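User: I would like to go through this structure with you, contact by contact. Could we begin with the terms and then turn to the details?

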Amino acid sequence: MSHTLTSKVFVVHDNIDTDQIIPAQYLTLVPTISEEYEKLGSYALIGLPDDKYPVDLVEPGRTKTDYQIVIAGRNFGCGSSREHAPIALGAAGVQAVVAESFARIFFRNCVATGELYPYDSNERLCDIVKTGDEATLDFDHDTLTVNGQTYPLKPLGEVRPVIDAGGIFNYARKSGMIPAQS
Amino acid sequence: MTLTEKILARASGKAHVAPGDNVWVNVDILMTHDVCGPGTIGVFKREFGKTAKVWDKSKVVIIPDHYIFTADSMSNRNVDILRDFVNEQELPYFYDVIDDPNGHWHFDASRGQLKKQYGSHFTGVCHTTLPWKGHTRPGEILFGTDSHTCMAGAFNQFATGIGNTDAGFILGTGKLLIKVPETMRFYLEGEMSPGVMAKDVILHVIGDIGFDGATYRAMQWEGLGVHTMSMDDRMTIANMAIEAGGKNGIFPYDEKTGDYVRDRVRENGTKSEFEPVEVDAEQSFIYDKTFDLSKLEPTVAMHPDPGNRELAKNLGDVKLDRAYIGSCTGGKTSDFLAFAEVIRGKSVKIDTFGVPATTKVVAELKETQWDGKSVWDILEGAGVRMTENASCAACLGGPVDTFGRMNTPMNCISATNRNFPGRMGHKESRVFLASPYTVAASALTGHITDPREFVS
Ligand code: SF4
């Protein structure tokens, strides 16, 4: 993994729950089946109300997004325990979500799957940054630079190596907690 | 230590744990369902190999309940994936929709949504099935691939929701690494006044602490007010810990807990030993507040989140298109009886849908007679569209042909537990969460209504 990521950002506000990230009717897709994984990506954040969010994360007809960083307010990923949520974002090509705070299960699912880096910001970036702004996320220094300003992010600490490894299974094997795959 | 800390210490073989500690716990029960089960099985096979066996057959419970009564072929397929896995692993606890272990599930839309289309093993909503079928026990650790798994905290156990990857890990190892949460204590005094229900208590509390007020935390309920509550009431409250972001909700053990659990494990022949955790004299909390139940009034969580609180009596100008009673939180027999108390002898004014949480609730509503009429018939007679197909139904929207799903923007008052945009279908629809009493009173008038006008 490169240690910085530069991309346009996609901005959402408070309480983006798992139904907005991946609406319930798409939960029939099974993430471990590869075509269905790709499909999940094409629906990422499709449950956002159109009046508040006129721009789609993933353009209709595509499976990948132009926005590899999502900026959010409080309680991102609240609601259900569906792992389809971080997976849909990851499958769409989102690499990190920078939020004022995360809901517990979503955060845990990001780590367990290794799909996304869930960074907490100290500042309420969703009020400062606009969708389409270009930002650079520095994974070594835990900062986000956007519109000429650099904002510190809370270091990911003990979960960072798990995501780097690609999720808990890879991590558990690497560290000898479970046997290597035969 | 708090109740949660005591259980986590025991399950990790430690004398003491403190908030923030990361501990490996031994899992007593893992539950999964049709929405997350296929993915969990996929993770398990990918990581442990095609021929791998689950760590302990008697500890895995599989309950198809979410997208069952729909003609959506992918949903029907997902139930078949569960059945194949159960057969291959010879799992004893699978509450299948159909009786034929080699069959395929297919919902016949031409027979309509109301008449039952399931066999003798089917039970309905997972969280309500777990206690009924003897899978909840004090002092244990329960994980489920569903956020409302926290409902089992009513039984003095640690119960929480996880994703497919964590669940796949448990299937192979029987263990999970978790962080010990801080505990918040909610001390309940007094008794609820007429017209007020357990649902009002939890909606009040979430309004108090906010939709993320319990994030990463345990919500521990104590006080005399707790012991006056039925197990159903405690389930309603524990169920919604997640709506404040909580990791789990947990109740102390008392005689009611013991009687309930002993009856269920005996009836079902499931594991009968259990060791409750008692409340210690010395506990440390990150938050501690006393609530006087007698002061609470019928409460509503308005669109668009469960913490958006207002009293029902102040919302008379909110016009409704639809009323809904059902789900793990609000579809128990006691919920339907409270609802029917208000509806009895009157007619609903708006489209009203009733979805029992389990097939047992269906049977109980048909058996319970009031003045020579079953409660089921009383509700149907009042214009409520009752379905025998116990399941999650429109609680989480689901495929477009789901019973009660909102396919156009409308206002709905609902006895369910979550009201983020799009939760019950159309993303511009608006859901107001309330108690079964308040849902009933509002169904009769067509606008949000304080049920005390109808309940004496
Ligand atoms: S009834 Fe609703 S809240 Fe309960 S398990 Fe089903 S979808 Fe989840």
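Analyst: A salt bridge here is a side-chain nitrogen of Lys or Arg within 4 Å of a carboxyl oxygen of Asp or Glu. The side chains of B:Arg10 and B:Glu275 form such a salt bridge, at 3.6 Å from N to O. Please note that this is a predicted model, in which local features need pLDDT of at least 70 and side-chain atom pairs count only at pLDDT 80 or more, while totals for chains, interfaces and linings use all residues. Residues are numbered from 1 along each chain as its sequence is written, chains are lettered from A and ligands numbered from 1 in the order in which they are written, and side-chain values use heavy atoms, with hydrogens and water left out.

User: Into which domains is chain B divided?

Analyst: Chain B is divided into domain 1 (3-177), domain 2 (182-295) and domain 3 (300-453); the bounds come from an automatic or database domain assignment. Taken over C-alpha atoms, the centres of domain 1 and domain 2 of chain B are separated by 23 Å.

User: How many residues are in contact between domain 1 and domain 2 of chain B, and what area is buried there?

Analyst: In domain 1 of chain B, 30 residues are in contact (heavy atoms within 4.5 Å) with 37 residues of domain 2 of chain B. The buried area is about 2,900 Å², of which carbon and sulfur atoms give 59%. Buried area is the accessible area (1.4 Å probe) that two parts lose on being put together, summed over both.

User: How many salt bridges and polar contacts are found across that interface?

Analyst: The rule finds three salt bridges between domain 1 and domain 2 of chain B, and 15 residue pairs in polar contact, both residues at pLDDT 80 or more. A polar contact is a pair of N or O atoms within 3.5 Å; within protein, one must be able to donate a hydrogen and the other to accept it, and residues adjacent in sequence count only if both atoms are side-chain atoms. On the domain 1 side, helix H1 (3-11), helix H4 (126-132) and strand E6 (158-161) of chain B each supply at least two residues. H1(B) gives the most to that side, with six residues. Helices (H or I, at least four residues) and strands (E, at least two) are DSSP runs, numbered from the N terminus.

User: How many salt bridges are counted between chain B and chain A?

Analyst: The count is seven salt bridges. The side chains of A:Glu36 and B:Arg77 meet in a salt bridge at 2.7 Å, N to O.

User: Which residues of helix H2 of chain A are buried?

Analyst: In helix H2 (residues 34-42) of chain A, A:Glu36, A:Leu40, A:Gly41 and A:Ser42 are buried. Buried means under 20% relative accessible area, exposed over 50% and partly exposed in between (1.4 Å probe, protein chains only). The buried residues of H2(A) pack against helix H3 (84-92) of chain A together with H3 of chain B.

User: Is A:Arg104 buried or exposed?

Analyst: A:Arg104 is buried, with a relative accessible area of 6%, and its place is in helix H4 (residues 104-113) of chain A. Leaving aside neighbours within four places in sequence, A:Arg104 is in contact with residues including B:Thr160, B:Tyr216 and B:Lys247.

User: Finally, how many disulfides does the structure hold?

Analyst: The structure holds zero disulfides over all chains; a disulfide is a pair of cysteine sulfur atoms within 2.5 Å.
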